[in-house]
Amino acid sequence: MGELGLGLEFHTWRHFSSFFDDWCERHKVLFIIASLKPLISLRQPPLPYLPSLASTLRFRFVRLICKHSGTYVGQSVVQRDQQSQKIDCPALITLRLGPKKDRLVVTEAKLQHNHQLSPREFSRCFKRSQLEASLGLPIRITNSVSKRFLAPDLVWNLEDYSRAKDKGMCQLLGEMHALFRADPGAKVKLVFQEDVAILNSIFLATSHMRQLARSFPRLLFLDQAASLPGDFELYSVLCQDANGRGREVAYCLARRGTPDLLVFIVASLVQSVPEIKTLVECLTVGVACLAGVDAVEEVLPCARVQVCRAQVLEALGRRARELAVPGERRIANLLHNLAHAASPKVYSQYLSDLEDVAPLEFLRYFLETWHPYKGTWAACWAYYRGESCPFVDHLEAHRQKLLPALTRDTSLAGSVRGLLDLQSLPVELQGLQAEEVAER
């Protein structure tokens, strides 16, 4: 494997990360971080020349091991079978701060693997820039943290560990620490990419939000509510209270493209408020949450899952414009009639009309993307038959409330702080007259 060897030098962590990504892609090998030591230690004051290098080199010691080190043939790290043959691959790479204290140097490079390399596994698991995005937290901890709600003492430990390694993560954990001090009953999950300490998603629900879900579980609404800096998106879950207002019961900040997100959010909500599992009658989601709709019924066995009809029609109209579909107005009318069909028979009649006039590419898009989910958005199968769904109104009011909270500080930690501030009493009462407050 030639070009990676002893004595190779890197002046920045970004330089090594880019080089290592290229090298792994050429040789189709998967490594994970086994150990990291930050450039600046909390136990002693930094040397004069180190602070300027802390943001570029980041670490003084790095050890990477084969992803299959300590695993078993045919088994993942989690699913070990003690009767299987253990791989225990010896391949590893070690970098240390060089004698000049201004670069990382490869001091150990065992590049031979004792197992067959799998190009298929590599294409499924490898992602560029994972090293560069790594937060420097121990992988054994981040893998474990991702499987459960955070305990307050674990937040404190992670915050202390990350203080010298990643300022953004330290600030985020500081917000979690402050939340648990003020609200010990809050439920929080931090989910990291497996075997790489990269944050994928944050789920949080305060005690007040959980009480709202417990009090008003019948109707829930879930949609992407805002785009956040750093490739993250905010998803909000709302309930409808006794006054017909949409109220927040959970937030999820997730990296764009995170798989199985809808099921994760709903399952986390049910885990934080188990009583609602059989009490939810309808969950309405936006089109951004379409993937995973089928699996939600396993989490909420008594609930109807619906996709917002207005958003479906918007998506179909947008696709028609992108394809410059001829007779766009006529097709738009057909789609509107089809979405508001009074019975399955009427739906089938309008579908037949659409098949007669729609161009092949648009028809294929409709049949592959939306027709299989017709039971979630067409009126004849709707939970809200004969009445309007409040989804659009609730989400629009929620987004208006979000704007000032998310623009004060655009960091991930600032976004979490803004979301938690929205749960304060003055914000909850904003827009209500004194008489309404007394009555409600």
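The model is predicted, so I kept to its limits: local features need pLDDT of at least 70, side-chain atom pairs count only at pLDDT 80 or more, and totals for chains, interfaces and linings use all residues. Numbering runs from 1 along each chain as its sequence is written, and side-chain values use heavy atoms, without hydrogens and water.

**Helix α11.** I took helices (H or I, at least four residues) and strands (E, at least two) as DSSP runs, numbered from the N terminus. Helix α11 covers residues 309–322, 14 residues in total, and spans 20 Å from first C-alpha to last. That is close to the 20 Å expected at 1.5 Å a residue, the expected span being 1.5 Å times one less than the number of residues.

**Helix pair.** I then turned to α12 and α13 (residues 344–357), which pack at about 160° with axes 9 Å apart. Axes are lines fitted to C-alpha atoms, for helices over the stretch in contact, and angles run from 0 to 180 degrees between N-to-C directions. α12 is therefore roughly antiparallel to α13 (angles over 145 degrees). The contact (heavy atoms within 4.5 Å) includes R330 and I331 of α12 and Y347 and Y350 of α13.

**Cysteines.** I found 0 disulfides, counting pairs of cysteine sulfur atoms within 2.5 Å. The sulfur of C289 lies 9.8 Å from the closest cysteine sulfur, in C252, too far for a bond.

How values were computed:
Angles under 35 degrees count as roughly parallel, over 145 as roughly antiparallel, 65 to 115 as roughly perpendicular and the rest as oblique.
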